[in-house]
Amino acid sequence: MARDADGYPVTRSPAGVVRAAAGSRELAVLDERISGCRACPRLVTWREEVARVKRASFRAEEYWGRPVPGLGPADARIGVVGLAPAAHGGNRTGRVFTGDRSGDWIFAALWRAGLANQPTSVARDDGLELTDVRVCAAVRCAPPANAPTPEERDTCSPWLARELALLPRLRVVVVLGGFGWTALWPVLAGAGVPLPRPRPAFGHGVEVSLAGPSGPLTLLGSYHVSQQNTFTGRLTEPMLDAVLSRAKELAAAD
């Protein structure tokens, strides 16, 4: 597999994503391969343009400008799936949900739930550690207007599928927002998980019990931690805390 100037393995097509994801035998290898992905031309152009132009307040920083891998240990029983990195958040810092207001919300909630060692996530070297939870996104590159296309979502889905498959103790997936909810169903179907019909609609607090490949698996819906939801009060801290509390309860029941 060819590598780019920074040493990351390069994947340039949807078929290449399928092969690279399937061949990743551990999370560290998967994270490296995700970081070198160039399979979606529109997203590559946008993320690199943002990294070059920069926001004025971050002008002195070197942006990551790549796909953003997940964060958390391989023995996690809880997964958290978001939408995509923010242009000046994960696309800048190189860590999922890090360096923007959405990250302020999710990591503070994980800390309150006892799943993180600190309530903030501002940079990859800030000392943040997660316990029993793995955080990732349905799409790994920052998209224009925060809106990936269905084609981009589908191209990226093998990364998510492989990441979840590499969590052998996974028992709960907290899905942030309707986009992640929609993206997750084909991933589960591809893993051979029997799915309910009709497909359950997304909603905050929705709970769906499934028979996962390595045991019971529960999906929990939560409104996304976007500023649109948190600033308007559609999502409050107690609402998010309740979902994570339920995730811990389900994970502990295994």
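Predicted model: local features only at pLDDT ≥ 70, side-chain atom pairs only at ≥ 80, totals over all residues.

Reader: OK, Ser222 then. Which strand is Ser222 in?

Author: Ser222 belongs to strand E5, which covers residues 215-222.

Reader: And is Ser222 buried or exposed?

Author: Buried: the relative accessible area of Ser222 is 0%, and the cut-off for buried is under 20%.

Reader: What's Ser222 in contact with, leaving aside its neighbours within four places in sequence?

Author: The contacts of Ser222 on that basis include Val174, Val175, Leu176 and Gly177, and also Phe202, Gly203 and His204. Leu235, Leu240 and Val243 are in contact with Ser222 too.

Reader: Now the largest nonpolar core. Which residues touch the most other members?

Author: That core has 32 residues, and Ile106, Leu110, Leu130 and Val174 are the ones that touch the most other members. Two or more core residues come from each of strand E1 (78-82), helix H5 (101-112), strand E2 (133-137), strand E3 (172-176) and helix H9 (237-252).

Reader: Which element gives the most to this core?

Author: H9, with six residues. Another core, of 31 residues, lies apart from this one, and Val81, Cys136, Leu170 and Val173 are among its members.

Reader: Back to H5 and H9. How do their axes cross?

Author: The H5 and H9 axes come within 10 Å and cross at roughly 55°, so the two helices are oblique to each other. Their crossing is right-handed.

Reader: Which residues meet there?

Author: From H5 you have Trp105, Ile106, Ala109, Leu110 and Arg112, and they meet Glu237, Leu240, Asp241 and Leu244 of H9. By class, that contact has six nonpolar residues, no polar ones and three charged.

Reader: And H1 with H6, what's the angle there?

Author: The axes of H1 (residues 14-22) and H6 (residues 150-165) cross at roughly 5° and come within 8 Å. That angle makes H1 roughly parallel to H6.

Reader: Who's in that contact?

Author: H1 brings Pro14, Val17, Val18, Ala20, Ala21 and Ala22, which meet Thr155, Pro158, Trp159 and Arg162 of H6. The H1 and H6 contact counts eight nonpolar residues, one polar and one charged.

Reader: Switching topic: what about the backbone? Which peptide bond is cis?

Author: The bond from Arg197 to Pro198 is cis, with omega near 0°. Pro198 sits in the loop between helix H7 (178-190) and strand E4 (207-212). For background, most peptide bonds are trans, and most residues other than glycine have a negative phi.

Reader: So what's phi for Ala145?

Author: Near 60°, which is positive even though Ala145 is a residue other than glycine. Asn146 is not a glycine either, and has a positive phi of about 55°.

Reader: Where's Asn146?

Author: Asn146 lies in the loop between E2 and H6, and Ala145 is in the loop between E2 and H6 as well.

Reader: Is Ala145 buried or exposed?

Author: Ala145 is exposed, with a relative accessible area of 74%. Asn146 is partly exposed, at 44%.

Definitions and conventions:
Residues numbered from 1 in each chain as written. Heavy atoms only, no water. Helix = DSSP H or I, 4+ residues; strand = E, 2+ residues; numbered from the N terminus. Buried < 20%, exposed > 50% of the residue type's maximum accessible area, 1.4 Å probe, protein only. Contact = heavy atoms within 4.5 Å. Core = buried A, V, L, I, M, F, W, Y, C linked by side-chain atoms within 4.5 Å. Axes fitted to C-alpha atoms, helices over the stretch in contact; angles between N-to-C directions. Parallel < 35°, antiparallel > 145°, perpendicular 65-115°, else oblique. Nonpolar A, V, L, I, M, F, W, Y, C, P; charged D, E, K, R; others polar. Left-handed = near helix turned anticlockwise from the far one by under 90°.
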